[in-house]
Amino acid sequence: MPDPVVTRFAPSPTGFLHIGGARTALFNWLYARRFGGRMLLRIEDTDRERSTEPAIAAILEGLSWLGLDWDGDVVYQSSRVARHREVAESLVADGRAYRCWASQQELGEMRDLARKEGRAPRYDGRWRDRDPAEAPADVAPVIRLRAPQDGETVIEDQVQGRVVWQNKDLDDLVLLRSDGTPTYMLAVVVDDQDMGITHIIRGDDHLTNGARQSQIYQGLGWSVPTMAHIPLIHGPDGAKLSKRHGALGIDAYRTMGYLPSALRNYLVRLGWSHGNQEIFSDAEMVASFDLPQIGRSPARFDFAKLENLNGHHLRETPDEAVVQAIEEILPAVGPARDLGPVFAPALREQLLLSMPSLKERAKTLIELLDLAYYLYGPTPLALDAKAEAILDPVGRARLAGIRPRLAALAAWDPASLEAAVRAGAEAAGVKLGQIAQPLRAAVTGRGTSPGLFDVMAIVGRDLCLARIDAQADAGDAASNAA
C-alpha cells in the first residue's frame, strides 16, 4: 500500500503572501485533499533579519481567508536549528561532508576568476581532501556537502519531466555557515524528511534547488520526495508578475472586493486545466486536481478574467454571506464612503433587501457597495455625470410635477410607485422614462441603478421625497441665480 500523501506549503515570512505563493498553497492543498492526505504548513524563518511577525501573521491570515486549512500545528523552521546542525555534523562524521576554511578573500578570488573566464562561479573544492591540521586559526569553517563530481543528478519531475544536471557543474554547497546556522538547502531537506513530506510542489524557480537538495538526500541515505515544479505566473505582457502588474498581497485582493471562492477558482486555472471547464466548486477542484494536468508554460494573470469570475461567484453566494464579506472589509473601505467600520442595523437590512438586484450588476464587493450608494449617501446625493445631465431644468420640473402623486400614495411599494409614475406620465403626455429617469437620478444619484421602483420602496417614502425636494430646490436656486 503506498504511503499517504503529505504535502507542505513553506513560505518565507519576509513580506506578504503574494498571489504566486497563494497558488502554490492551493495546489498543495488540493493535491493533499484529492488523495486523502495532509498539507502541512512550515514557516521558513531562519533568516531572522528579514523575517517579521507581521509577515507571519499576514501569511496565516491570508491562508485562512482563502479557505486553505493546514493539518497539525505550524512548524517554525527557526526552532529546529539544533536538529539541522546535528544532521550536518552526522554528514561530516560519515565522510559525506567536510569542513572548509576558505576565507572570504579566497572565495572572492574564485568568483573573479570565474568572471574572467566567462563561467559560473563555483567553489573549487580546495578543502575537500585537505588535512584539517592545515586550517588557519583566524577563519571559522563552514560545512560543505561532499557532492558527487561525476555522473548526473536526475529529477523525474511531475510537471517538468525528466531534468538532468551534470554533477561536474554542481559544486560542494554550504550546509552549515561559519556561525553554526544552517543554510536554506540543508534546513529544507531535514525538515521535509522529519515532517514526512512525500510530494514537494513549488515554483519552478526552485528547480535547481531540487538538484542540490536531491544530492543532500542521497548523501543522507534518505528517499527523495516526488517533486513538481510549477511555472511562475506572468503578467499580461509575458514578463514575470511584479508590482507594476498589480501583483499584490492576498490581503489587497480581499480589500479590492474579491471573494475567496472566486480567487481559489481563478488561481487553480492559472497553469492547470481540466478540459474546457472554467468554473469550479471546491468539491469539483478536489475531485479533478492532479499534477500531470499542470502545463509547463507560465500562466498569465488577467484581472478582467478574475473580475468576471468573481461576478459569477458573487451571484452564487447567499445574500447574507455577501453582506458579511462586505462587513469584513468595511474597516478598510468604509471611511472613503463616509461609512463606519460596521453597518447600522437598518442599513444592513436595506442591503439584504437590495442584494438580489445589486449582485446582478456588480463584479466585486467594492462595485456592489458603490452601487448601493443610494442606501447610505447623504441627502442631497452627489450626482454622477449622467445623473447631472438628466437633472436639467426639464428633468427637475418633472420631479416637481410627480411629487404630489408620490406623496399622496397610501402604500409605498413597487407596484403602487410604478402605477403612480405611469399615471403621472400619461397626464403629462410624456413617456414613462421621461419621469422615471429624473426620479432615478434624484433618488440614487446615478444615471443607472437597479430597478427604480424596488429601490424607492427600500429607500422609503421620507428619504425619497427628501431627495426629490433637494434636487427640485437645487433647480429653483439655479433659476433664481440666473
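**Labels and their grounds**

Mentor: Start with strand β5 (residues 142–145), which is joined to β8 by two bridges, the two running antiparallel. This is a predicted model, in which local features need pLDDT of at least 70, side-chain atom pairs count only at pLDDT 80 or more, and totals for chains, interfaces and linings use all residues. Residues are numbered from 1 along each chain as its sequence is written, and side-chain values use heavy atoms, with hydrogens and water left out.

Trainee: What makes β5 and β8 a pair?
Mentor: Strands are DSSP runs of E, at least two residues, and helices are runs of H or I, at least four, both numbered from the N terminus. Two strands pair if DSSP finds at least two bridges between them. β5 and β8 have two bridges, so they pair. Arg144 stands opposite Val174 in β8.

Trainee: Which strands make up the open sheet, and in what order?
Mentor: The order is β4-β5-β8, three strands with antiparallel pairing.

Trainee: Why are β4 and β8 said to stand at the edges?
Mentor: β4 (97–100) and β8 (174–176) each have a single partner strand, so one side of each has no neighbour in the sheet. Neighbouring strands here are turned by 45° against each other on average, direction ignored.

Trainee: What lies across this sheet?
Mentor: Helix α3 (residues 81–93) lies across β4, β5 and β8, at about 100° to β4. Axes are lines fitted to C-alpha atoms, for helices over the stretch in contact, and angles run from 0 to 180 degrees between N-to-C directions.

Trainee: How many bridges join β6 to β7?
Mentor: Six, and the strands, with β7 at residues 161–166, run antiparallel. β6 and β7 form a hairpin with three residues between them. Ile155 has Val163 in β7 as its bridge partner. Ile155 also belongs to the covered face of β6 (residues 152–157), with Thr153 and Asp157. Glu152, Val154 and Glu156 form the uncovered face.

Trainee: Why is Gln215 called buried?
Mentor: Buried means under 20% relative accessible area, exposed over 50%, partly exposed in between (1.4 Å probe, protein chains only). Gln215 has 3% relative accessibility, so the label is buried. Gln215 is in helix α6 (residues 207–220). Leaving aside neighbours within four places in sequence, Gln215 is in contact (heavy atoms within 4.5 Å) with Leu145, Ala147, Pro148, Thr153, Asn167 and Leu170.

Trainee: What makes α6 largely enclosed?
Mentor: Of its 14 residues, 12 are buried, so the rest of the structure largely encloses α6. Among the buried ones are Arg212, Gln213 and Tyr217.

Trainee: How do you know the span of α6 is close to the expected one?
Mentor: The expected span is 1.5 Å times one less than the number of residues. α6 has 14 residues and reaches 20 Å from first C-alpha to last, close to the 20 Å expected. Gly221 follows, with a positive phi near 75°.

Trainee: Where does α16 bend?
Mentor: At Gly401, by about 30°, with Pro404 following within four residues. The bend is the angle between axes fitted to the seven residues ending there and the seven starting there.

Trainee: Which residues of α16 are buried?
Mentor: Gly395, Arg396, Leu399, Ile402 and Leu406. Leu439 is in contact with residues including Leu399, Ile402 and Leu406.
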